[in-house]
Amino acid sequence: MVRFKNRYVLCQVVAEEPRGRPCIEERAVGSAVKDAIARAYGDYGLACCSLAFTVKYLNAYTGTVLLRCRKDFYRLLCSALPLVRQLESRGLRCPCFLSTLHVGGTIRSCQKFLIQYNRRQLLTLLQNCTNEEERQRIRQSVLSCSLTEEQSQSGEEEEEEDDGTETD
């Protein structure tokens with residue numbers, strides 16, 4: 001049996017009006033991307049990319065989208081993404097475009113890239129702060145995203161020690 005290899009394309013929805021982002025749905029992103037592929041490559045391109053095409057993850061508040069397609073056709077997908085000009089969901093049209101951030105072979109590699117990307121964005125914000133209160137909030141955000149995994153592991157270790165043994 002042969003395993004089909006996939007590529008995961010991490011994109012960011014850049015909307016002209018950021019308040020329009022929460023109305024974005026997976027179905028709207030998927031249909032807009034498929035329409036762009038059909039416009040660029042016709043029926044052949046649409047058939048090639050539709051084999052394993054799915055929207056694996058969508059965060060409407062940050063505008064992060066993770067798309068999956070077959071390894072052989074990910075270049076078709078990436079070249080059609082700039083043709084997406086608007087997303088339509090619930091009868092509303094949101095003018096926006098998709099910016100490709102990363103192409104990876106696994107969801108895990110895309111997650112690692114996204115963590116590094118968000119950390120760099122926070123550090124850029126930190127450098128552009130105007131007052132000390134903003135600096136403190138951004139520093140707290142940077143520390144919370146880097147220490148979350150370590151804190152959860154140390155918390156689990158403490159619970160195991162408390163549950164398992166009794167000292168005199």
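Me: How far is the sulfur of C94 from the closest cysteine sulfur?
Reply: It's 4.6 Å, and the partner is C96. A disulfide needs the two sulfurs within 2.5 Å, so that gap is too far for a bond. Bear in mind this is a predicted model.

Me: And is C94 buried or exposed?
Reply: C94 counts as buried, because its relative accessibility is 6%.

Me: What about C110, which cysteine sulfur is closest there?
Reply: That's the one in C11, 9.5 Å away, so again too far for a bond. C110 is buried too, at 2% relative accessibility.

Me: How many disulfides turn up in the whole structure?
Reply: Zero, going by a search of the whole thing.

Me: OK, switching to packing. How many residues are in the largest nonpolar core?
Reply: 29, and those with the most contacts inside it include V29, V65 and L87. Helix α1 (26-50) gives the most to this core, seven residues. There's another core apart from it, with seven residues, among them Y8, L66, C110 and L114.

Me: What does V29 touch, skipping neighbours within four places in sequence?
Reply: I24, V55, L58, V65, L67 and L87 are in contact with V29.

Me: Now the strands. How do β2 and β3 run?
Reply: Antiparallel, with five bridges joining β2 (residues 54-59) to β3 (residues 64-70). Y57 sits opposite L66 of β3.

Me: Which residue in that hairpin takes a positive phi?
Reply: G63, with phi near 80°; the hairpin has four residues between its strands.

Notes
Residues are numbered from 1 along each chain as its sequence is written. This is a predicted model: local features need pLDDT of at least 70, side-chain atom pairs count only at pLDDT 80 or more; totals for chains, interfaces and linings use all residues. Side-chain values use heavy atoms; hydrogens and water are left out. Two strands pair if DSSP finds at least two bridges between them. Helices (H or I, at least four residues) and strands (E, at least two) are DSSP runs, numbered from the N terminus. A nonpolar core is a set of buried Ala, Val, Leu, Ile, Met, Phe, Trp, Tyr and Cys residues joined through side-chain atoms within 4.5 Å. Buried means under 20% relative accessible area, exposed over 50%, partly exposed in between (1.4 Å probe, protein chains only). Contact means heavy atoms within 4.5 Å.
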